[in-house]
Amino acid sequence: MEDNEVIKREHEKSLLVNAALLAGTIVLESGGETFRAEETVVNFCYAGGCKSVSAIAFPTGIMITVNYENDTVSSLKRIKKRGINLAKLSGVNSLVRKFIGGNVSLEETYGELKKLSKLPEEKKSVVIAASALASALFAILLGGGLFDGVAALVAGFLIQLIAFSFKKTSIHGFSFSFVSGAVIAVIAVLSVELFKMGTIEHIITGAIMPILPGLMLTSAIRDTVMGDLVAGTARLVEALLIAVAIAGGVGIVLSFYLSMGGAL
């Protein structure tokens, strides 16, 4: 009987740590702030009966140390993919609240977290359509005409096709940002030169709006304000590098266009 109790306690301890680590991982992979991932892990472990909990999260990893029945356990998880998935963020918050409230068991929570982590990304067609429409509306909203909106729509459509192609490779996201900027500039220049309509400025501005790292920059500021200086700085640098890569792609194409006698 004692051996069975020991095995049961070891199982519960392992399950609690794994579930907490998975919850924090989902938060980070889905675009949540590092302080929110740490808060999720700490609250989850305390609700599971831990005497003390320490958690530290970065954009690229999360580590937790818990004291459970006089036994200290540490675990580390490397974060290799990051994106924005509000459905997963909402799902993990709901599951953790239910567990803390005692409405679901630890086993059920862990099972649901594993299902949540395996949920597919947004439908490709929906993302492409949304990006194209947003690009068109931004171009018009920022002072462009109907032609600028149509050209930006085409650019937004192609950019998302490129994005899904890049996801199938090991090419870094900064490369995608550079290529996206260049493609947008090429479409803007060709549209204006071929049809003698519209303005390059409005087409480019509208098309790059959906790929700018605005939410990443917001998360960086929130992390910094909450005292997570390392995570905030890391996110800020990443956001700036993405913006520079986009600008670099646009700038190279426009420089070549101007050298060929074009005018903005």
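Trainee: Where is K196 placed, between which helices?

Mentor: K196 lies in the loop between α7 (173–195) and α8 (200–208), where helices are DSSP runs of H or I of at least four residues, strands are runs of E of at least two, and both are numbered from the N terminus. This is a predicted model, in which local features need pLDDT of at least 70, side-chain atom pairs count only at pLDDT 80 or more, and totals for chains, interfaces and linings use all residues. Residues are numbered from 1 along each chain as its sequence is written, and side-chain values use heavy atoms, with hydrogens and water left out.

Trainee: Why is K196 called exposed?

Mentor: Its relative accessible area is 63%, and exposed means over 50%, buried under 20% and partly exposed in between, with a 1.4 Å probe and protein chains only; K196 is therefore exposed.

Trainee: What makes the phi of K196 worth a remark?

Mentor: Most residues other than glycine have a negative phi. K196 is not a glycine, yet its phi is positive, at about 55°.

Trainee: How do you know that the span of helix α10 agrees with its 31 residues?

Mentor: The expected span is 1.5 Å times one less than the number of residues, so helix α10 (residues 229–259) should span 45 Å, and its end C-alpha atoms are 43 Å apart, which agrees. After α10 comes G261, with a positive phi near 100°.

Trainee: What radius of gyration would a compact globule of 264 residues have, and what does the protein have?

Mentor: Taken over C-alpha atoms, with the globule rule of 2.2 Å times the number of residues to the power 0.38, the globule would have a value near 18 Å, but the protein has 23 Å.
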